Amino acid sequence: MAQYGPRLVVPIDLKKKPWAQKHPLHNRWHPAIPAVEEVRGGEVFRVEMVDFSGGGITKDYSAEDIKYADPSIRLVVSIDIKKKPCEQKLPLHNRWHPRIPPVAEVKAGEIFRVEMVDWTGGVIKDDNSALDVHYLSGPIRVLDEDGVPAKPGDLLVVEICNLGPLPGDEWGYTATFDRENGGGFLTDHFPCATKAIWYFEGIYAYSPHIPGVRFPGLTHPGIVGTAPSMELLNIWNERERQVEENGLQTLKLCEVLHSRPLANLPSTKGCHLGKIKKGTPEWERIATEAARTIPGRENGGNCDIKNLSRGSKIYLPVFVEGANLSTGDMHFSQGDGEVSFCGAIEMSGFLELKCEIIRGGMKEYLTPMGPTPLHVNPIFEIGPVEPRFSEWLVFEGISVDESGRQHYLDASVAYKRAVLNAIDYLSKFGYSKEQMYLLLSCCPCEGRISGIVDSPNAVATLAIPTAIFDQDIRPKTKLPVGPRLLRKPDVLRCTYDGNLPITKNPSATM
């Protein structure tokens, strides 16, 4: 299997003394100290190191540090990237249901590690094919320090202590599905399946399929959530069934954005329920009830908040005993909205988490917005770590669709216009529109609802950091002269063989 990411040139074994390492360490400068490894110019390589004392100072509450303290974090869910989701040591799941049993147990205050596959379970490969559902690690049962499990009505505090790609699997992808297979936010404009591969150099990502672009990633999990109760699960299934059955006739928004399934109802097809064995009566019953993981809901789930990185906290409502925490859908980077649907830089990865339990916290901190106490939403606390950019190019959209039709304070139509405006503009700088569609889905761009009260137009904006490009993309008084050559290679793509209508902008430049 191909190896990705930097080559490890100096490894460290934390259980060994400095002089017992594979490459013995040194603590002096001298020209005669021989080199332990060799690297080449332009190569990305990794050097591990001990703390300055060589492990002599420990985390013991003592000033007499003479013993080595093992600082390892307990791995509660491990992943073998060579195996399928159903073959993992602790089987993964891709549905929400209160009866999916926990695979591990942790205590409040403990820092623990969870590994995860990319959201497709390894279906999409690092190859030249564009034809390629959320697989979650967990559930994890959470206890307090006295061994008492979290209870319905509590608030589970999940702190992200550390995260990153799995070692040896440092690559990712951004894609759009075929319109007949789910599409994306702009699938009526871009109906074909496409894919771009990304490689990582430390905190930076670059793609051979979108040349001339490089940016730091803000790594985060797309999904963090607790298990629903049966009552909440029934609420989800009923309201989403109503949208699926009546949406086109009752929701004006769908007239413009009906380009994907209105909802994704419970289905046994492709269903994985963790430790519940497929083919048993229990599996058959639960598979027909279990909620799909595609949308975010009251339990958190697939919220795709790009700023939930190191130092962030998620305050999740607890609906079942033990909370049954699950996570997955790891992203190296994502733009606000994840507009291409498979649209972050998707990857396998790990999280190091710490949980606390606020007893009775749902009632104290989460006000229900609906007919039952279950109609609540999580609270998110953004961490202090993120890329810093000083210059942005901002594109505006209003609630007027491509046909010129006015919509009333419709922020989705406005954001669609903002994204289309940005794609059309950036395609003037040597890129295909498909390249820019994928880029705006995964680069650290900022989406905003800038105005929502001035009828009839909502105003949405999309801000793009100019520093991610290797050229100046700002408007200039002197226009470029001559042909604008398309940058090669382009994104990987398939043909569209469906018969759904394609939206065309009559004033588009290309």
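This is a predicted model: local features need pLDDT of at least 70, side-chain atom pairs count only at pLDDT 80 or more; totals for chains, interfaces and linings use all residues.
Let me begin with a rule: rings of Phe, Tyr and Trp, the last taken by its six-membered ring, form a pair if their centres lie within 6.5 Å, and planes under 30 degrees apart count as stacked, over 60 as edge-to-face and the rest as tilted. By this rule Phe-395, Tyr-425 and Phe-429 form one aromatic cluster, and the count comes to eleven aromatic pairs. In one of these pairs, Tyr-199 and Tyr-206, the ring centres are 6.0 Å apart and the planes stand at 45°, so the pair is tilted. In another, Phe-389 and Trp-392, the centres are 5.7 Å apart and the planes stand at 80°, so this pair is edge-to-face.

Residues are numbered from 1 along each chain as its sequence is written, and side-chain values use heavy atoms, with hydrogens and water left out.

Turning to the interior, a nonpolar core is a set of buried Ala, Val, Leu, Ile, Met, Phe, Trp, Tyr and Cys residues joined through side-chain atoms within 4.5 Å. The largest such core has 71 residues, and those that touch the most other members include Leu-156, Trp-198 and Leu-439. Its largest share, nine residues, comes from helix α5, residues 411-426, where helices (H or I, at least four residues) and strands (E, at least two) are DSSP runs numbered from the N terminus. Apart from this core lies another, of 16 residues, among them Leu-136, Leu-155, Trp-236 and Leu-366. As for Leu-439, not counting residues up to four places away in sequence, its contacts (heavy atoms within 4.5 Å) include Trp-198, Ile-210 and Phe-469.

Met-49, in the loop between β2 (45-47) and β3 (74-77), is exposed, with a relative accessible area of 63%. Asp-497, which sits in the segment after β25 (492-493), is also exposed, at 69%. Asp-497 and Arg-179 are 318 residues apart in sequence, yet their C-alpha atoms are 9.4 Å apart in space.

How values were computed: Buried means under 20% relative accessible area, exposed over 50%, partly exposed in between (1.4 Å probe, protein chains only).
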